[in-house]
Amino acid sequence: MSLALLFPGQGSQQVGMGRALAAAFPEAARIFDEADEALGFSLSTLAWDGDEAELTQTKNAQPALLTHSVAVLTTVQDRIGPVAYAAGHSLGEYSALVAAGVLEFADAVRAVRLRGELMFASGEERPGTMAAILGLADQAAEEVCVRASRKSGGICVPANFNSRGQVVLSGDLEGVDCGMTLAREAGAKRAIPLNVSGAFHSPLMAPAEEGLGAHLAALEFRDPAHPIVSNVTAEAVTTGADARALLIRQLTSPVRWSASIASMVDAGVDRFLELGPGSVLCGLNRRNAKGLSCTSVGTPDDVEALGG
């Protein structure tokens, strides 16, 4: 069997994430300790016992998700056998890069903390929003965005191609509001506004590129031990230099998640493990990789169920 690791992005965070894992596995506890030391505050306390609204803040959710995913990885890496590929949804790409040895964990957790701060600041500078569109094909959703941008005079772009019939729009308030209306008129089953602090994966995130780029330029990016499938291109990344450049492009580019999964399936992957809180990515795989095994691993029981 050919195994791919999947790592979730924002939206999968929840208070209590990783607490039982750290209590059960000393190696997981060490990852949370390392995050606390790298960031200079107790991320573990926030993740395990904090206020939900505070944890959901972009600057907190991003390092918390990365830390939980890497803590899970540390507990299962001797149980799962060789890894053929890895991919992460938006923020999760940083987790995938840590898993492949491209980035040191401490460097990654500091980078995603800054990434969250910069994304929030971009949202303050150029307010925007996002909306989930259910029941439209990718091409139809793209056409809705073009029409909405033209009609509203604002910005509306596809931000996430999550699975067949599930696309997320992003842009300024006028553009996305118009996009939701046009999506319904085009036959979408639902158009759901999302509670976010900015228009992620859209041109409105451009102000974050300079700061993130300068920070990443100072970090060591090694070539991956196994290929990482990029959100931006849905293609395998095999050098550290390319991985760094794509993380910057990722801020304003759509997450091509369904195409990323298809790329791995076409390469022979027939088993997926989602490492981190929740099971969003395995849920999407019911459409993206129909009939193939996908197991979510985030708790001690999940780890023990893997055997090994």
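Student: Is arginine 110 buried, partly exposed or exposed?
Tutor: Arginine 110 is partly exposed, at 35% relative accessibility. Buried is under 20% relative accessible area, exposed is over 50%, and partly exposed is in between (1.4 Å probe, protein chains only). This is a predicted model, where local features need pLDDT of at least 70, side-chain atom pairs count only at pLDDT 80 or more, and totals for chains, interfaces and linings use all residues. Residues are numbered from 1 along each chain as its sequence is written, and side-chain values use heavy atoms, with hydrogens and water left out.

Student: What does the side chain of arginine 110 meet in a salt bridge?
Tutor: Aspartate 107, at 3.2 Å from N to O. A salt bridge here is a side-chain nitrogen of Lys or Arg within 4 Å of a carboxyl oxygen of Asp or Glu. Both residues sit in helix 7 (residues 105-125), 3 residues apart, so about one helical turn separates them. Helices are DSSP runs (H or I, at least four residues), as are strands (E, at least two), numbered from the N terminus.

Student: OK, and which residue pairs with arginine 113?
Tutor: Glutamate 117 does, with a salt bridge of 3.3 Å, N to O. Glutamate 117 is partly exposed at 35% relative accessibility, while arginine 113 is buried at 16%.

Student: How many salt bridges does the structure hold?
Tutor: It holds 6. One of them links arginine 19 and aspartate 49, whose closest N and O atoms are 2.5 Å apart. Arginine 19 is in helix 1 (residues 19-24) and aspartate 49 in helix 3 (residues 43-49), so this pair ties together parts 30 residues apart in sequence.

Student: How exposed is arginine 19, and what about aspartate 49?
Tutor: Arginine 19 is partly exposed, with a relative accessible area of 39%. Aspartate 49 is exposed, at 53%.

Student: Switching to helix 12: which residues there are buried?
Tutor: In helix 12 (residues 257-266), the buried ones are Trp257, Ser258, Ser260, Ile261 and Met264. Viewed down the helix axis, they fall within an arc of 160 degrees, so they line one face of helix 12. That arc is taken from the directions from the helix axis to the C-beta atoms.

Student: What comes just after helix 12?
Tutor: Glycine 268, which takes a positive phi of about 105 degrees.
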